[in-house]
Structures are given as structure tokens and as C-alpha cells.
Amino acid sequence: MKEFIDLRSDTVTKPSPDMRKAMAEAEVGDDVYGEDPTVNALQEKVANLLGKEAALFVPSGTMANQLSIKTHTQPGDEVIIEASSHPYNFEGGAGAALSGIQFQCLKGSRGILDASQIEESIRPADHHFAVTRLICLENTHNRGGGSIYLLEKMAEIYRLAKSRELSVHLDGARLWNASIATGIKPQEYGRWADSVSVCLSKGLGAPVGSLVAGSKEFIDRVHRFRKMFGGGMRQAGIIAAAGIYALDHNLERLRDDHQNAKRLAVGLKELKGISIDPKHVESNIVIFDVLNSGMTASQVGEAMKRERILVHAFGRTQIRLVTHLDVTAEEIEKTLKAFKKVLEKKE
Ligand code: TLP
């Protein structure tokens, strides 16, 4: 029996016995010399999946995004990004600290930006302004509640970028989820970005690891910065093996997580005090508001913890639940019962 049903994030999954076996048996070498066959195989696999010439294995999604920003920009440049995006809000101010860039934040619709609003915010060529250099997109969008970019929207933004000599970086930490939810291949999304970061340690269930993918020339420069940022790892095949295992075994099953998220949303909608539109749940993230329950999000969170269920409370009234491979459909039903109990006790 599990101590807790943990819905705080899909980062909390633990490697399965078979994944651990693949890790234990991985062939390894010194990856700083480029000699780890398992890392090389993972990099090739992910580059192919994303339709890019090359990919580089890095420790985290944060490092993947920040290396990409660093590689695309010069200090003083401006990066157009959505206001609730991960690189702007949850990466410790790294864009300013490590790349010396400034962000221009645009408000998206559940995190999704339009080409027209981006176009309006590109700085004119005038010495008063910073140089707009890069557009960052996030798909799926975390704070947007796992929202997914329409492919046409990404294509339109990319075409705009090219017409204005800008680069596009895609934070695809959960691009796998977008792809499984829509049936659009990762490489189709990858086509509309110059660089893509993806994570293995979220829905796919690997313990560590992300990759950046792009042109050979771009990845070569990312490689240099990875060294500078201290992200060069040695016998990293041990963890790359978990990533290969995850891509081979845990991709298709993301469907189950999406079904579980939908079930949560539909069940939550029935409960008093909760505001949620199940239509907005497109992948494995469920964000809802408890404003009308008379409790704050952290009070609901504490009460749920007493029911042995962990949720992520943020702001005064918002809660995020993320489904993943360590949560079963049965546990989703238990979670809904616990929410009912917690909210009814309040009345
Ligand atoms: N997101 C984490 C937290 O940092 C909020 C989570 O629990 O969702 N891009 C996106 C879209 C992400 O959601 C995350 C992690 C990252 C990048 C960073 O990945 P890591 O945690 O590997 O640095």
C-alpha cells in the first residue's frame, strides 16, 4: 500500500523494476569524451523523434531551456515569452542571471500565444530598444493547465519569426503529452521551432534527464555552454538508459494519464465550491479554483493530506493535480471521494 497518492506533479514517479534493470545493464563510457554509447543512442533517438539533426542530453528541463536561451541570444537581447511560462517564472531568474537577457511577457489564453500579439511586441530597429531575438513557446503549457498549441498556431508563429529574423525555442517538457493527446508526431511540432527541449523525468517516468534538440551547429554551441554550466556528465549512460526505456515503454500509455485527468475534471465539476471546465483539460494537468468553497487552496491541500492525498496548492485559491504512471484509475476515484469529503465537511 502506498503511503500517499501523489498528484503534486508527474516528476514524482519512481523508476519501475524493469527500468532499473535497463539502467543496471547499460553500457557506459565517459560522455564528456563523447564515449558513452547509451547517451549517444538516446541523443540520436530523440533527435530523430523531434526531426532535428542533433540532440544533447542534459540533467534537467531547466538546464535545457536555459542553455537554449543562452545559445540563441546575446546579453541585452529581449526574449518574447508567455507571462505564466516556466522559463520566466520557475527557473530562478536564470534568463537574466546566466544569459543577461530581458523577457517581454505576453499574456496568453491558458498560456497559448497568437502570432498577431507577438508581432505587435517585436521591437523596432531603434537604439532605444532592446533587440528582440527569440520567441519561447511552451507545449503543453504547464500553468495553462496542460493546454496544447494548435499546430497551425505554431507554424504561424514560426513563419512570423523567420520573416523577422528571430529564433523560436519550444519548451517541450511535456511535448510527449501534446503528441499523444493530438496524434500529431513530435517531429511535426519540432518543425516549427529552431530548438526544442524535452524531459524524460516527467510523464515518461525516468528519474533524471532532459534533452535539447536542434541543428548540428546549434547543438555544438549548446554543448560548449553545457560544459560552462557544469552539465557535462561522465558515465551518464546509467540514466540515459532509463530515458531510452521510458521512450520505448511509457509513451503510448500517456493516454491513460489523460483519461485519468479528464475523469478528475469531470468528477471535480460535480463538487460544490469547485470551479473547473473539463473541456480545458487537454492532457495530464488539471487546474481548478476553490474560491467558492470558503477554504483557501492551502487549507484544501492540508485537509487532502490528512486523507493521504498530495496536491499542489498555489495562489490563494488554485490547485493543480497532475496524473502520471504511478497513479491508477482506482486512485483517481479515491481522490474524488476525498475531495468530496473535505469540501462537504466544510459546510
Ligand atoms: N515543472 C515542474 C515545476 O518546476 C513547476 C512541475 O512540477 O511541473 N518546463 C516545464 C514546462 C516544466 O513544467 C518544468 C518542470 C520544466 C521546464 C523544468 O524541468 P526540471 O524540473 O527538469 O528542471
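There is one cavity of 30 Å³ or more; a cavity here is a set of points on a 1 Å grid over the protein atoms alone where a 1.4 Å probe fits but cannot get out. The largest cavity has a volume of about 50 Å³, the space filled by probe spheres set on the points, which are joined across faces, edges and corners. This is a predicted model, so local features need pLDDT of at least 70 and side-chain atom pairs pLDDT 80 or more, while totals for chains, interfaces and linings use all residues. Residues are numbered from 1 along each chain as its sequence is written, and side-chain values use heavy atoms, without hydrogens and water.

Who lines the largest cavity? Strand E5 (132-138) gives the most, three residues, and strand E3 (78-82) supplies at least two. Strands are DSSP runs of E with at least two residues, helices runs of H or I with at least four, numbered from the N terminus.

Now look at the open sheet, whose seven strands follow the order E2-E8-E7-E6-E5-E3-E4 with mixed pairing; strands pair if DSSP finds at least two bridges between them. At the edges, E2 (54-58) and E4 (102-106) each pair on one side only. E3 and E4 run parallel, joined by five bridges.

Helix H3 (residues 61-72) packs on this sheet, touching strands including E2, E4 and E5, where contact means heavy atoms within 4.5 Å.

Key. On a 1 Å grid over the protein atoms alone, a cavity is a set of points where a 1.4 Å probe fits but cannot get out, and a pocket is an open set with protein on both sides within 12 Å along at least five of seven lines; lining residues have an atom within 4 Å of a point. Axes are lines fitted to C-alpha atoms, for helices over the stretch in contact, and angles run from 0 to 180 degrees between N-to-C directions.
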